[in-house]
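Student: I am new to this model and would like a close look at one part of it, the pairing inside a sheet. Could you start there and then show me what lies around it?

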Amino acid sequence: MKTSQNKIYIFDYSPETLVEKEVKTIEECIAFKESPSVTWVNIDRVPPVDDLERLRAVFSIHPVVVDDILNVNQRPKIEILDDYIYVVLKMLTLAENNKKVESEQVSIVIAKDFVLTFQQDIEGDTFASVRDRIRNKTNKIRGMGTDYLAYKLIDSVVDNYFNVLEAFSDRLEKIEHQLINNPNNNTLQEMYNLKREVLNLRRSVWPLREVVVALERDDTPLVKDNTRIYLRDVYDHVIQIIDTIETYREMLSGMVDIYLSSVSNKMNAVMKVLTIIATIFMPLTFLAGVYGMNFKHMPELNWVWGYPLVWLIMVTVAIIMLVFFKRKKWL
Amino acid sequence: MKTSQNKIYIFDYSPETLVEKEVKTIEECIAFKESPSVTWVNIDRVPPVDDLERLRAVFSIHPVVVDDILNVNQRPKIEILDDYIYVVLKMLTLAENNKKVESEQVSIVIAKDFVLTFQQDIEGDTFASVRDRIRNKTNKIRGMGTDYLAYKLIDSVVDNYFNVLEAFSDRLEKIEHQLINNPNNNTLQEMYNLKREVLNLRRSVWPLREVVVALERDDTPLVKDNTRIYLRDVYDHVIQIIDTIETYREMLSGMVDIYLSSVSNKMNAVMKVLTIIATIFMPLTFLAGVYGMNFKHMPELNWVWGYPLVWLIMVTVAIIMLVFFKRKKWL
Amino acid sequence: MKTSQNKIYIFDYSPETLVEKEVKTIEECIAFKESPSVTWVNIDRVPPVDDLERLRAVFSIHPVVVDDILNVNQRPKIEILDDYIYVVLKMLTLAENNKKVESEQVSIVIAKDFVLTFQQDIEGDTFASVRDRIRNKTNKIRGMGTDYLAYKLIDSVVDNYFNVLEAFSDRLEKIEHQLINNPNNNTLQEMYNLKREVLNLRRSVWPLREVVVALERDDTPLVKDNTRIYLRDVYDHVIQIIDTIETYREMLSGMVDIYLSSVSNKMNAVMKVLTIIATIFMPLTFLAGVYGMNFKHMPELNWVWGYPLVWLIMVTVAIIMLVFFKRKKWL
Amino acid sequence: MKTSQNKIYIFDYSPETLVEKEVKTIEECIAFKESPSVTWVNIDRVPPVDDLERLRAVFSIHPVVVDDILNVNQRPKIEILDDYIYVVLKMLTLAENNKKVESEQVSIVIAKDFVLTFQQDIEGDTFASVRDRIRNKTNKIRGMGTDYLAYKLIDSVVDNYFNVLEAFSDRLEKIEHQLINNPNNNTLQEMYNLKREVLNLRRSVWPLREVVVALERDDTPLVKDNTRIYLRDVYDHVIQIIDTIETYREMLSGMVDIYLSSVSNKMNAVMKVLTIIATIFMPLTFLAGVYGMNFKHMPELNWVWGYPLVWLIMVTVAIIMLVFFKRKKWL
Amino acid sequence: MKTSQNKIYIFDYSPETLVEKEVKTIEECIAFKESPSVTWVNIDRVPPVDDLERLRAVFSIHPVVVDDILNVNQRPKIEILDDYIYVVLKMLTLAENNKKVESEQVSIVIAKDFVLTFQQDIEGDTFASVRDRIRNKTNKIRGMGTDYLAYKLIDSVVDNYFNVLEAFSDRLEKIEHQLINNPNNNTLQEMYNLKREVLNLRRSVWPLREVVVALERDDTPLVKDNTRIYLRDVYDHVIQIIDTIETYREMLSGMVDIYLSSVSNKMNAVMKVLTIIATIFMPLTFLAGVYGMNFKHMPELNWVWGYPLVWLIMVTVAIIMLVFFKRKKWL
């Protein structure tokens, strides 16, 4: 985990006022914290332990939560405490021309007057839309509290999952297409890779369900009643994502069946060619062999029509075989 | 999503009165809304955002619900609010000679005196039967409230799922028939396609279960007690559909086994033909080869009965092989 | 659904009295309904809608329940209302020498003083034993209420499931036997058919579980406390049936593995024969071919011992090959 | 079910006293029943119906329970009544050198002052250890009530399941060993048989879980608080057995994969031998065939070095082929 | 179970004081037990039964718990009693260069003033970090009670599971790599072994979930409120481990598909080589055979260009076949 070069970015807003600036040290946040306006402190790259310690002191965060912020391999979870709520999410972003999914842990601390967010890495996040809304004075978010801000942040993460799902859907269709037209060992490998990524997405989304439910249902005063309907909406989205993931998994397992049977069918086709060739030429070669024998007393060899007759027999045998295969629908 | 050319169709009825007409603008609905009679406003194609905004104002609907109406890729869900209930359904219709299932999102807003329904597309819906009932003065629906109307609308959607299931059942039987008589790679493809559509249906029906349960169990004053028994009936239908879907899935997975084994059996048959031919003609060809050798000292070649004797040996070998195959039940 | 020719059969009993007779019209039941004695009206073939309407009026049944009675494709379910309980069951009977399972819907309406039962078809039911008990003056049933009668009716249906299970068990054993001795494509087909019927049975029994639980647990005054222990007994039977069904399903899926592997093993056997024959005769035929060449200068051809020597070589090659196969355990 | 020759064996004990004797008739038990000491009546082979009827009268047992005792094909279950608790268990014993598992139904009736146990068969049970404890005056059991006795009886049955599991584990290891060293069709058969027995064990143990939970949690006065910790211990054992069973099932299904792939691998090996032989000798035989042709004008035939040259070509071809196979890692 | 040579190691600490020493007999612990400071008695190798009996008397532990401590084949479980909590865990350690996982049972008894831990074996445990913390005077643990100590002990066990998972992940990647580059029968064997160990880990972790939940949720006074947040953290870790295990299982089952298909693909490749060779040389050998016949009247034999013509035909046939295979993409 790279902890150096962390960037601290502050939004402090109320319906009328808006302060937006980047600061260097944690201490600079204290002033904003005291104000009754909503303060959002976004920290890119988790800060060095010392900074975190000061942060802990400034915002009076429990040491277990600080440990969790530092540990970037966590499962999405929620911890509802008296003074604040701690939420861990996985922010997924598409990279390399939508072919790779990158996962980044986001920690959100929601208190009465401030929201802290910790991101793992600097490049790209899904919070841009939230920032734009805050900058827009007429936007609803300006008149709402920290719970609505937190909802918007979570919502932006969840919405991005749909983009990831769409990229998966594209790959799924590509595999389906390949499966019908030209299945090869690579196809299976791609199915396996996609399945793996789908499982990863699932691990990010499944626990989120409980996180959002807890946020909506818990009677913490930090979440106001008129925010709950928005959280239910996020919940519905999460369920829809889970649903789609399960469908993808079922489709992938159905595709494996198609793939395996196409391999068998290919072998069948190969075997048929071999069998047809062998079944036609073996009896003919045998016949030729018979009249290649050197017995002194082989009356047929002396017949004038012997040779044409053998050809006639051979052609007849070949035709019989071909009719046989035609009947068996091998041709 | 096409939002233009939306059509607004109004039913306003009480036991004695009935007004039915198409209007052009949302504003024309206001008058009906005020009346104590039941008002059903059906909007084909979701209206432009501006119209929706006016609608929102007229019927005082929460912005989140308006967002949900606009988003046509939702999962069936229910949102029970103080003044109204919002329900999202998937209306499935059979197209192309029952071979394709088309899915359309239907949003229903149930308030004390009015019901709003939003359909995605103009052509065809399952509400025709409900309209006929309303037009019939003696029908029970005329004396009931918005909850009964909503029940009837949902019931018409659920009833149509049975038609879809029947179409699936036909396809399933067709595949079964094909599987026994002439399984080919296409059969598996069709199984996969059917499985996919069954999964889609499942995604439309599963969440419906919770929707209907919530509608029946929640103690909202919008649903009267004597309507609940009807909702329980819808619930039973939903469960029956889910049951049938699960059975179809199990049957499809059983069919995959049959298909894969039939592919193996086919290969077995091909291999047997090859083996029988090779096993009979290889020893014979070898024998012919032996007496085709040009050694100076091969006493057999000079025997008078050498040639017939070789034939005798060959026929004997062939018969022994055939008996062997007969015993192995390959013939 | 054939609704004509329905037969109405009445039992009206108390500890001392018993009236048993067949009537023609619904109206004739009214007299019995009024009496405090237990009245059981059994209607074979669901009556025409008009009759049902009268029935509805006479026994004051909810229209939804009447709809359910008419719809014979229902899932087992229970509807506990204030005045009566409505139960739907699937009665299964074995036909065609135990090879086919026929399913028939049975609707039971349990009120304080009467029980109505509706059967789909005339021939055969599982209620014979209940009738015999009623006719026997000393039998416990004569002193009990409608709840005990309903218990006995449901119990007779459930008990018959055990017969169906036994028939399945026989077929399962037959398939197992076939699988070991002579597996063929038909075996798989039979497994699939059995699986299908097991799934059907499952669909009849699973929901019954909830039906019986509801009947036992609900605090409706229609079910007396001393009947509940009997219902728990029925519940135990239902669970046992479900258990057995699940075991059958697992066994069937295990059998598919055995079948598929036996197909592969057969192919293995075929391939081995082919390989042994080809591996022995190909080198020999080649050797014979070499000495069938017509080069002028082939010293071996003129050796006196050339021919026997070639035979020696050939036999040696064949023996080496056989030893090789013996070692590989292919022989 | 053999009901004749049943044996009735009585233990009647208190901390100071112990009476142990075999009696002939049910009536002889009455005296013991009246005493405040703990009375354990063990009846081998379910008695004839008449005896049971007297038993029922003596110990005032509900007729449904008597029916359950007679029906030896039951699922483990518990019935908690006011005056006594009725428990059904499956006692499993290993027979035929640990190769077969025999199942026997045990019914236990636990009342305030007496415990009745019914076994299906005479030979062998798991209660010997309990008898020894009772005979030992210093043993804790002598100072405890019927609930502790019942716990000990159930515990002895559950403990024996571990022996059965161990026998299964041995067979599993044997199959694993066979799978690696010499898989044959018999191996699969044995996997199937084991799977079947594991499923049987599962059916005996799964419902036991609920039985023990009910016994521990129900607030019946028949189970004293200080016995509950022992029942929790039995519960933990049952869960552990279920756990192990599920693991065995997963391992068995993994083994099927290994078996099927080993069959495929064997076929691969066979095919390779065939292909190598055919690929080497077919071109050679062709070459020999060419120079066996009888054209008048074949200049090669008259060359002095023709014959050795052909041999040279043949050996070269063979070597090229062998190198090709070596590269493909088929050799 | 080796019970001899057990080692008793005591930590007795308060914020200011720390006593750490090894004792020989159980009795030496009594003094520490009486003090209000936190006492941790760690016993390596479960002591002989006599010692345990004395221990039981000294610490007043229930006989069932003592039995559980002696039985080292238990499932993780928790028993919350009035005076103490009894927890069973599985401590896993990596051995043999991370290739083997060794499982050891750890029993923890948590009372108000003391914690007893029992380990199965002497070598290596995961408690070293806890010991270091206790020795460090400034560490938080010194100021906390037995519940925090117990948390730290459980946490150290759970944290080590992550190491085991990492070792599994390495093996999984190795198998994946092998699967792509050179799948052989050994690969499947390794998959099976890994699956088996994953199942074992699962059996150790699954029940732990309930243990930690019980510890956190139960309102025993032995666990203080400010320790619960730490236990929730352990719970999150356990869930994360379970999650990862399930993902591994799914990945392993996906790998089996890839393996089986790679076996089939290999066979396909073998078959193609055979078919190509046979299909090219069989017709050629037949042609050569024809002109090797000894008929007196075969005009072609006397043509001057007969021999070259035959070669021409042969080459043409071979080229046609090769083009055919090229088209079929077998080359």
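Tutor: Let's begin with one pair of residues: in strand 5 of chain D, Glu79(D) has Tyr86(D) as its bridge partner. Please keep in mind that this is a predicted model, where local features need pLDDT of at least 70, side-chain atom pairs count only at pLDDT 80 or more, and totals for chains, interfaces and linings use all residues. Residues are numbered from 1 along each chain as its sequence is written, while chains are lettered from A and ligands numbered from 1 in the order in which they are written.

The pair sits where strand 4 of chain D meets strand 5 (residues 84-95) of chain D, two strands that run antiparallel and are joined by 4 bridges. Strands here are DSSP runs of E with at least two residues, helices are runs of H or I with at least four, and both are numbered from the N terminus. Two strands count as paired if DSSP finds at least two bridges between them.

Now step back to the whole sheet. In chain D, 7 strands make an open sheet with mixed pairing, in the order 2-1-3-7-6-5-4. Strand 2 (18-23) and strand 4 (77-80) of chain D are its edge strands, each pairing on one side only. On average, neighbouring strands of this sheet are turned by 15° against each other, direction ignored. Helix 6 (residues 185-217) of chain D packs on the sheet and touches strand 4, strand 5 and strand 6 (100-111) of chain D. The direction of this helix makes about 20° with that of strand 4 of chain D. Here, touching means that two residues have C-beta atoms, placed from the backbone, within 7 Å. Axes are lines fitted to C-alpha atoms, for helices over the stretch in contact, and angles between N-to-C directions run from 0 to 180 degrees.

Strand 4 (residues 77-80) of chain E runs antiparallel to strand 5 (residues 84-95) of chain E, with 4 bridges joining them. The two form a hairpin with 3 residues between them, and Ile80(E) stands opposite Ile85(E) in strand 5 of chain E. Elsewhere in the sheet, 7 bridges link strand 1 (residues 7-13) and strand 3 (residues 38-44) of chain E, an antiparallel pair. There Tyr9(E) stands opposite Asn42(E) in strand 3 of chain E.

In chain B, helix 5 (residues 146-181) and helix 6 (residues 185-217) pack at an angle of about 160°, with axes 11 Å apart. That makes the two helices of chain B roughly antiparallel; angles under 35 degrees count as roughly parallel, over 145 as roughly antiparallel, 65 to 115 as roughly perpendicular and the rest as oblique. Their crossing is left-handed, a term used if the near helix is turned anticlockwise from the far one by less than a right angle, with right-handed for clockwise. Residues making the contact include Phe168(B) and Leu172(B) of helix 5 of chain B, and Leu194(B) and Val198(B) of helix 6 of chain B. The residues of this contact divide into 11 nonpolar, 2 polar and 2 charged. Nonpolar covers Ala, Val, Leu, Ile, Met, Phe, Trp, Tyr, Cys and Pro, charged covers Asp, Glu, Lys and Arg, and the others, Gly among them, are polar.

In chain A, helix 6 (residues 185-217) packs with helix 7 (residues 225-290) at about 160°, their axes 9 Å apart. That makes helix 6 of chain A roughly antiparallel to helix 7 of chain A. Their contact residues are 24 nonpolar, 1 polar and 7 charged.

Chain B can be laid on chain C with an RMSD of 0.0 Å by a turn of 72° and a shift of 0.0 Å along the axis, which is the relation of a five-fold axis. Such superpositions use least squares on the C-alpha atoms of residues with pLDDT of at least 70 in both copies. Gly292(B) has the C-alpha of chain B nearest the axis, 4.6 Å from it.
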